[in-house]
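Visitor: Please show me the model, and then I will ask what stands behind the terms used for it.

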Amino acid sequence: MESDLSHEELVGLLGAFALDAVDPSEAAAVRAHLLLCPRCRDEVAQHQQTAAMLASTGSEAPTDLWAGIASRLEAPNTTEQAFPRLDRAGRTARSTSRRRKYQFGLRTGALIGAAAAAAFAVLGVEVGRLDHRVNQVEAASGGQSLSAAARSALLDPTASRVILKETDSGAQPAAEVVALRSGAAYLFNDRLPDLPSAETYQLWAMIDGQPISVGLLGTHPSTVAFTLDPTDLTNAFAVTVEPAGGSLAPTHPPVASTTV
Amino acid sequence: MLELSGASDATLIVAIGRWNESALGEVYRRHGGAVHALAQRVLGPGGRAQDVTQDVFVDLWKRPERFDPARGSLRAFLVTVAHGRAVDMLRSDTARVAREQRTARETATGGYDLENQVWDLALADQVKDAVGALPEGERRAIELAYFGGHTYREVATMLGEAEGTVKSRIRRGLRRMRDALVEEMGPVWNQT
């Protein structure tokens, strides 16, 4: 969102913003600015922390309210939508919204079809839960390319993480996929080099033993959002180099992959 | 098996992410009092404050990833969310008249006096001192904005001050409070 307010004017609003004491248009302008300005983000966080001290009256949590809270504890709808992707038929598709209780995960150990396994050379897999990887997020926050949503995903304790390793002899970590239980997912590129404009990286998920395209990553991916169907059993991921525009099926061996 | 009573807030958030209701219960036990007190302070006693309190914890259940431990404590996060919701409710049309009446009454009687009335429970001495050390203009601007749910423009009108003056006083007052808390309590001042 473009704002007519100067940086100085926005900074002057930070205290009032932290107290929810600005007009809606000003709040929107400040929020947009905070996405881009770590210093102002820090200041607002400090103001909010200070203001929150004013609520520390030492009173106990009202016991009669808990029943009302407990009665509303269900798994949320998955409503996030992200990167359009190609389905099995090559059409763009989006993850369907379904109510499920924590069934999404990057599950290892399941079988991949023999043909697919041959196409996607196996080199090692690391799957784990994100238990507040604050250090990583802090480091990543130094780069301006990381969106707020991707950053939030990195912090999500329910997210699953998969490392894609180079398929050459080095087998170095090349990229990482972080997937939320909603189906929203992000690829963070560490080592994939830039491609010429006639080519693109393409990300594939191994689902039911078949490589399914989940998104084109472009010629120089940094952080890319895409969507997974939370109901799919995703065994592995792989990145291939394809002609610009992408392919319906992999036409080259992967340059990076997970494995089982 | 997670031992809840001794678990850190960050550990509880991870457990909530794994749909552990007991972990949410422990978070509520620890911070529900502060959240409800703030909601009551802004909205007054009654159902609306209870609604806000419940909504805050249901939201945490649905979206635990919104809490960023790098940005502050869990209590501050929950209180901030509660404040935003309470203010939204306060500014709704149906609540406007009641708020204006309450503001007129409390402004007239000094009901927003942070130093003497808001902090009459078990608030830490350090916070009392930090609030008490604020210049009167800064304290009034913060209390009307934070507990009264007013915008800085409304506060300026109420106090007969320029909008820029009120804006600056809020920001300066918050910084002054924080500096005082850091000085008194050290770097762990915000680990409530």
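Predicted model: local features only at pLDDT ≥ 70, side-chain atom pairs only at ≥ 80, totals over all residues.

Visitor: What area do chain B and chain A bury between them?

Guide: About 5700 Å², with 62% of it on carbon and sulfur atoms. Buried area is the accessible area (1.4 Å probe) that two parts lose on being put together, summed over both. On the side of chain B, B:Trp19, B:Tyr28 and B:Arg71 lose the most area to chain A, together 13% of what that side buries.

Visitor: What makes the pair B:Arg175 and A:Glu43 a salt bridge?

Guide: A salt bridge needs a side-chain nitrogen of Lys or Arg within 4 Å of a carboxyl oxygen of Asp or Glu. The closest N and O atoms of B:Arg175 and A:Glu43 are 3.3 Å apart, so the pair meets the 4 Å limit. Six salt bridges are counted between chain B and chain A.

Visitor: How do you know that H4(B) is largely enclosed by the rest of the structure?

Guide: Helices are DSSP runs (H or I, at least four residues), strands are runs of E (at least two), and both are numbered from the N terminus. Buried means under 20% relative accessible area, exposed over 50%, and partly exposed in between (1.4 Å probe, protein chains only). In H4(B), 12 of the 17 residues are buried, so the helix is largely enclosed. Among them are B:Leu74, B:Arg75, B:His83 and B:Leu90.

Visitor: Why is A:Leu195 called buried?

Guide: A:Leu195 has 16% relative accessibility, and therefore counts as buried. The residue is found in the loop between strand S6 (184-189) and strand S7 (199-207) of chain A.

Visitor: What does A:Leu195 touch, not counting residues up to four places away in sequence?

Guide: The residues touched are A:Thr200, A:Tyr201, A:Gly218, A:Thr219 and A:Val241. With A:Thr219, 24 residues apart along the chain, the C-alpha separation is 4.8 Å.

Terms used: Residues numbered from 1 in each chain as written. Chains lettered and ligands numbered in written order. Heavy atoms only, no water. Contact = heavy atoms within 4.5 Å.
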